[in-house]
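Dear colleague,

I am handing over the structure we spoke about, and my notes on it follow below. Please read them with the coordinates open beside you.

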Amino acid sequence: YGGRVTDDKDRILLNAILERCFCAEIAESTQYRLTESGIYHPPCEAPTLDQFNSYMEGLPILPMPEAFGMHANADITKDQADTGIMCNSLLMMTQSGGGGGEG
C-alpha cells in the first residue's frame, strides 16, 4: 500500500477514518467511542505501561468487523468464503489420480 492516496476511494476512506479518529471529541471526552459497541475506545490519557497493557489485553484477539467500519454481517460473509476455500482444498486433496498398484 505505501500510505499513498492514489484515487478517490482512498481519499474517501482516509477522510472517514480521520473524521472519526482525529477530532476534538476524542481529546475532550473520556467516554469517546470509536465504534458503536464501545469495545474500541481510546485508552486513558497518558497511560502507564501497565494501564496500556491492560487496555490492549481487553481488546478482542480477533478484531470484530466494526473495528474496520464494517457491519457485523461482514463476519458471516468472510466465514462463508473461508469455508468455501477450505472445502475446495479438502476436495482437491481427496481426488485420486487413478493409478493403482498390484498387491
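**What was found**

In this predicted model, Thr35 sits in the loop that runs between helix H2 (24-28) and helix H3 (49-57). Thr35 has a relative accessible area of 7%, and because this is under the 20% cut-off, Thr35 counts as buried. Once the neighbours within four places in sequence are set aside, the residues in contact with Thr35 are Arg20, Tyr40, Glu66 and Ala67.

Turning to the pockets, the largest pocket has a volume of about 370 Å³. Its lining comprises 13 residues, of which Arg20, Glu66, Ala67, Phe68 and Gly69 are the closest to the centre; sorted by class, the lining of the largest pocket holds 8 nonpolar, 2 polar and 3 charged residues. By class, the second largest pocket is lined by 6 nonpolar, 4 polar and 2 charged residues.

As for the cysteines, a search of the whole structure returned 0 disulfides. Cys23 takes part in no disulfide, and the nearest cysteine sulfur, which belongs to Cys21, lies 7.9 Å away.

With best regards

Conventions:
Residues are numbered from 1 along each chain as its sequence is written. This is a predicted model: local features need pLDDT of at least 70, side-chain atom pairs count only at pLDDT 80 or more; totals for chains, interfaces and linings use all residues. Side-chain values use heavy atoms; hydrogens and water are left out. Helices (H or I, at least four residues) and strands (E, at least two) are DSSP runs, numbered from the N terminus. Buried means under 20% relative accessible area, exposed over 50%, partly exposed in between (1.4 Å probe, protein chains only). Contact means heavy atoms within 4.5 Å. A disulfide is a pair of cysteine sulfur atoms within 2.5 Å. On a 1 Å grid over the protein atoms alone, a cavity is a set of points where a 1.4 Å probe fits but cannot get out, and a pocket is an open set with protein on both sides within 12 Å along at least five of seven lines; lining residues have an atom within 4 Å of a point. Grid points are joined across faces, edges and corners, and a volume is the space filled by probe spheres set on the points. Ala, Val, Leu, Ile, Met, Phe, Trp, Tyr, Cys and Pro count as nonpolar, Asp, Glu, Lys and Arg as charged, and the others, Gly among them, as polar.
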